[in-house]
Amino acid sequence: YTPMDFVVGVLQRFFEKSFEEATRLMLEVHTKGAVICGEYTRDIAETKAATVLEFAAKYEHPLQCKIRSVS
């Protein structure tokens with residue numbers, strides 16, 4: 001599992017969320033399984049997702065970060 005404080009830190013660091021917003025999103029992902037962290041151009045979204053996955057792997061957490069296209 002990925003510790004809740006790690007998820008909050010990722011949301012603050014990579015998605016520029018306040019502590020309060022990051023905590024709310026972390027609790028939402030904890031109960032629903034997924035949450036939208038932001039809307040970005042494809043290039044930025046792919047870079048953010050790759051950076052988050054690399055960061056989580058570095059600390060050996062199975063945190064997932066996926067992008068989805070919006071039409």
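Ring pairs join Phe6, Phe14, Phe55 and Tyr59 into a cluster. Rings of Phe, Tyr and Trp (its six-membered ring) pair if their centres lie within 6.5 Å. By this rule there are five aromatic pairs. The model is predicted: local features need pLDDT of at least 70, side-chain atom pairs count only at pLDDT 80 or more, and totals for chains, interfaces and linings use all residues. Residues are numbered from 1 along each chain as its sequence is written, and side-chain values use heavy atoms, with hydrogens and water left out.

**Aromatic rings**

- A pair of aromatic rings is described by the distance of the centres and the angle of the planes.
- Planes under 30 degrees apart count as stacked, over 60 as edge-to-face and the rest as tilted.
- Phe6 and Phe55 are stacked, at 5.4 Å centre to centre and 15 degrees between the planes.
- This pair links distant parts of the chain: Phe6 is in helix α1 (residues 4-15) and Phe55 is in helix α3 (residues 42-58), 49 residues apart.
- Helices (H or I, at least four residues) are DSSP runs, numbered from the N terminus.
- Both Phe6 and Phe55 are buried.
- Buried means under 20% relative accessible area, exposed over 50%, partly exposed in between (1.4 Å probe, protein chains only).

**Phe14**

- Phe14 lies in helix α1.
- Phe14 counts as buried because its relative accessible area is 13%.
- Leaving aside neighbours within four places in sequence, Phe14 is in contact (heavy atoms within 4.5 Å) with Lys48, Thr51, Val52 and Phe55.
- Phe14 and Val52 are 38 residues apart in sequence, and 7.3 Å apart in space, C-alpha to C-alpha.

**Two glutamates with positive phi**

- Glu16 has a positive phi of about 55 degrees, although it is not a glycine.
- Glu16 sits in the loop between α1 and α2.
- Glu16 counts as exposed because its relative accessibility is 56%.
- Glu60 has a positive phi of about 60 degrees, and it is not a glycine either.
- Glu60 lies in the segment after α3.
- Glu60 counts as exposed because its relative accessibility is 72%.

**Confidence**

- pLDDT is the predictor's confidence in each residue, from 0 to 100.
- The protein has a mean pLDDT of 95, and 99% of its residues reach 70 or more.
- Among the elements, α1 has the highest mean pLDDT (98) and α2 the lowest (96).
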